[in-house]
Amino acid sequence: VIEGQGALSHPSFAGVSLGLLHGSQPDALVLCHDPMRMYNLGTERKQPYPLQSLRETIAANLAMARRVNPDARFVGMSVNTSQLSAAEKSALFERYATETGLPVVDPLKDGAKVIVDHIDKEFPYVPQA
């Protein structure tokens, strides 16, 4: 499990993010998102860089991950819902799941079982003889 900071689309962190992505050669990726954020963190004042859409973010990350592991795929989406009501969270998760086809969870509030279960289906454990 590799936890990365930043984003491929962030002008300050793209190099580090790409290095982590290529160096780790991931089989499975989890998209992390804060729905309250409109711009890449730290760019709001000088020169705002709007966040890419979820689809653009997924496509960019898959393209770069698949340069070193052609089988890389997304297995879930982690969303910060700390500023949302239960109703807003539910509607947002439904929208994101429909848009991405991924299980969506706020791991701090709900745990990560939904994503772990999805990984278990995608990568079943086969004991080695």
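Analyst: Helices (H or I, at least four residues) and strands (E, at least two) are DSSP runs, numbered from the N terminus. This is a predicted model, in which local features need pLDDT of at least 70 and side-chain atom pairs count only at pLDDT 80 or more, while totals for chains, interfaces and linings use all residues. Residues are numbered from 1 along each chain as its sequence is written, and side-chain values use heavy atoms, with hydrogens and water left out.

User: In which helix is the place of Asn61, and is Asn61 buried or exposed?

Analyst: Asn61 lies in helix α2. Buried means under 20% relative accessible area, exposed over 50%, and partly exposed in between (1.4 Å probe, protein chains only). Asn61 has a relative accessibility of 16%, so Asn61 counts as buried.

User: With which residues is Asn61 in contact, leaving aside its neighbours within four places in sequence?

Analyst: Contact means heavy atoms within 4.5 Å. With the neighbours within four places in sequence left aside, the contacts of Asn61 are Leu8, Leu21 and Phe74.

User: At what angle do α1 and α2 pack, and which residues make the contact?

Analyst: Axes are lines fitted to C-alpha atoms, for helices over the stretch in contact, and angles run from 0 to 180 degrees between N-to-C directions. Helix α1 (residues 14-24) packs on α2 at about 50°, with the axes 9 Å apart. Angles under 35 degrees count as roughly parallel, over 145 as roughly antiparallel, 65 to 115 as roughly perpendicular and the rest as oblique, and therefore α1 is oblique to α2. The contact is made by Leu18, Leu21 and His22 of α1 and by Asn61, Met64 and Ala65 of α2.

User: How do α2 and α3 pack, and which hand does their crossing have?

Analyst: Helix α2 (residues 54-65) and helix α3 (residues 86-100) have axes 10 Å apart at an angle of about 45°, so α2 is oblique to α3. A crossing is left-handed if the near helix is turned anticlockwise from the far one by less than a right angle, and right-handed if clockwise. The crossing of α2 and α3 is right-handed.

User: Which residues make the contact of α2 and α3?

Analyst: From α3 come Tyr96, Glu99 and Thr100. From α2 come Leu54, Arg55 and Ile58.

User: How many residues has the largest nonpolar core, and which element supplies the largest share?

Analyst: A nonpolar core is a set of buried Ala, Val, Leu, Ile, Met, Phe, Trp, Tyr and Cys residues joined through side-chain atoms within 4.5 Å. The largest one has 17 residues, and those with the most contacts inside it are Leu29, Phe74, Met77, Val79 and Tyr96. At least two residues of this core come from each of β1 (28-33), α2, β2 (73-79) and α3. The largest share is four residues, from α2.

User: Is Ile115 buried or exposed, and how far in space is Ile115 from Pro127?

Analyst: Ile115 is in helix α5 (residues 113-122), and with a relative accessible area of 7% Ile115 is buried. Leaving aside neighbours within four places in sequence, Ile115 has contacts that include Met77. Ile115 and Pro127 are 12 residues apart in sequence, and their C-alpha to C-alpha distance in space is 22 Å.

User: Where is Asp34 found, and how far apart in space are Asp34 and Lys89?

Analyst: Asp34 is in the loop between β1 and α2. Asp34 counts as buried because its relative accessibility is 19%. Asp34 and Lys89 are separated by 55 residues in sequence, and from C-alpha to C-alpha by 12 Å.
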